[in-house]
Amino acid sequence: MITVVGWDGSELSATAVARLQEAALVVGPDALLGRLALTAATVPDGSLLQTLDDHLEQGEGPAVVLAEGDPGFFGVVRALRAHGLKPDVLPAMSPVTRAFARAGLNWEDALVVAPSGPGELGRVVNACRAHAKVALLVAPGVGPAEIARELAPTTPRVLIVCEDLGGPDERVTHSRMGEATTRPWKDPDVVLVIDPLQRPKEASWVAGAQPGPKEWALPFESRVPAEVRAYILAKLGPRLGDLVWDVGAGAGEIAVECARLGAAVMAVERDEELCARLRANVLAHGVKVALTRGQAPPALEPLPDPDAVYVGGGGPDVVAACAARGPRALVCALRKVEQVTAVLEQLREHGYRGEGTQILASRLKLDPDGSHRLTAAEPFFVVYATPAHSA
């Protein structure tokens, strides 16, 4: 029999104490094993599954896996179940629950992220850009200093850093981003990344990330028809953890839609009046879009590398500058078929494989006599490209 015991630093339940006393083997992190006076053989959890397999094969008695907090929440239970083991689980309070409690915040509207290492820093940062309340379970290379360094200066956030939760050195610190990058942290467990400007949201029926929008291509007053915008969004594939650039953003029709679908969005627009309209659309739809007023390509240089790019304005030089940053998808909307060849050539030179589609939407119009007729809108040419090596 295998029992997983979660421990949050408080007194263990009678059942958990009994299982530990009966155990022939206890496996867990050194930090937890060292805090308990155990009579059973103990093994660090670096080779957890192999240790348990060997123990079960020898039939030496019950085993206990000691874990922090709730082991069913981004914890060891998933690994055991995937390995074919079905443990009894005795959970304790999860670090995320304790962190929000210590901060005095509700958390049904929070997004919880648990990276496996520094390779996922970009996705975590994009989630923090797109969402106003994020709980980060700290991993090597993804902690308060790294998060603050990546978010500054475009995304102001308050960091609540929780160290040694439930332990003798528990500390909860409200930190500005500049401070978070320089002060020494002692083994933080959880970092809460909070947008101080976010207005309170209405109560929802679902916790965590909210459901996606009920429709794409909202009825914006737009230079790009809704039918074309829906196709552009389908090709961009904006999602949680992505960073999308909207270059030549206009009034933000694509930027707002990508943000509604969960992506972090950075918009670039040079026209002051259009920037004002973009800000108004962002506020009206309650999303997060970082706006840079400037001329591409120079305005693109300080921006972090994107996962997907929409080019709604600018010539082949803008397309080339975007492709040079290596997004997984690049989409352009063009008004003239003569522009398609030049854009495809730029994409090819930067290692992209492009394809083009002409979209001509005909809409039904109601005549005064009650009959309907089709009226054709101006055609658009949409170029969609992905890296050639991924084809």
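User: Let's start with the overview. How many helices and strands are there in the protein?

Analyst: The protein has 13 helices and 19 strands. Keep in mind that this is a predicted model. Its C-alpha trace spans about 85 × 50 × 45 Å along the principal axes. Of the 391 residues, 45% count as buried. If you take contacts between residues at least 6 apart in sequence, 61% of them join residues at least 24 apart.

User: Now the inside. Which residues have the most contacts inside the largest nonpolar core?

Analyst: General idea to begin with: in soluble globular proteins, nonpolar side chains tend to be buried together. Here, the largest nonpolar core has 30 residues, and the ones with the most contacts inside it are Val228, Ile232, Leu236, Cys258, Val289, Tyr310 and Val331. The elements giving two or more residues to this core are helix 9 (226-236), helix 10 (253-260), helix 11 (272-285), strand 12 (264-269), strand 14 (308-311), strand 15 (329-334) and strand 19 (380-387). Helix 10 gives the most, with five residues.

User: Can we zoom in on one of them? What does Ile232 touch?

Analyst: Leaving out residues up to four places away in sequence, Ile232 touches Val224, Ile254, Tyr310, Val331, Ala333 and Val382. Apart from this core lies another one, of 27 residues, with Ala296, Ala299, Cys322 and Ala385 among them.

User: Next, charges. How many salt bridges does the count come to?

Analyst: The idea is that side chains of opposite charge can pair when their charged atoms come close. In this model the count comes to 19 salt bridges. One of them joins the side chains of Asp109 and Lys133, at 3.0 Å from N to O. Asp109 sits in the loop between helix 5 (95-103) and strand 6 (111-113), and Lys133 in strand 7 (residues 133-137), so the pair ties together parts that are 24 residues apart in sequence.

User: Are Asp109 and Lys133 buried or exposed?

Analyst: Read the relative accessible area: buried means under 20%, exposed over 50%, and partly exposed is in between. Asp109 has 30%, so Asp109 is partly exposed. Lys133 has 13%, so Lys133 counts as buried.

User: Let me try another pair. What are the values for Arg171 and Glu163?

Analyst: Arg171 forms a salt bridge with Glu163, with the closest N and O atoms 2.6 Å apart. Arg171 is partly exposed at 35%, while Glu163 is buried at 1%.

User: And where do Arg328 and Asp242 sit in the chain?

Analyst: Those two form a salt bridge as well, the closest N and O atoms being 2.5 Å apart. Arg328 is in the loop between helix 12 (316-323) and strand 15, and Asp242 is in the loop between helix 9 and strand 11 (243-247), so this pair links distant parts of the chain, 86 residues apart. Arg328 is partly exposed at 28%, and Asp242 is buried at 5%. What is the volume of the second largest pocket?

Analyst: About 1,300 Å³. To read a pocket, look at what lines it. Helix 2 (30-33), strand 4 (63-68), helix 5, helix 7 (144-151) and strand 10 (188-194) each supply at least two residues of the lining. Strand 4 supplies the largest share, four residues. By type, the lining divides into 25 nonpolar, nine polar and twelve charged residues.

User: One last residue. Where is the place of Ala251, and which residues is Ala251 in contact with?

Analyst: Ala251 lies in the loop between strand 11 and helix 10. With a relative accessible area of 3%, Ala251 is buried. Setting aside neighbours within four places in sequence, Ala251 is in contact with Leu274, Arg277, Leu278 and Asn281. Ala251 and Asn281 are 30 residues apart along the chain, and their C-alpha atoms are separated by 7.3 Å.

Methods:
Residues numbered from 1 in each chain as written. Predicted model: local features only at pLDDT ≥ 70, side-chain atom pairs only at ≥ 80, totals over all residues. Heavy atoms only, no water. Core = buried A, V, L, I, M, F, W, Y, C linked by side-chain atoms within 4.5 Å. Buried < 20%, exposed > 50% of the residue type's maximum accessible area, 1.4 Å probe, protein only. Contact = heavy atoms within 4.5 Å. Salt bridge = Lys/Arg side-chain N within 4 Å of Asp/Glu carboxyl O. 1 Å grid on protein atoms, 1.4 Å probe; cavity = no way out; pocket = protein on both sides within 12 Å on 5 of 7 lines; lining within 4 Å. Points joined across faces, edges and corners; volume = space filled by probe spheres on them. Nonpolar A, V, L, I, M, F, W, Y, C, P; charged D, E, K, R; others polar.
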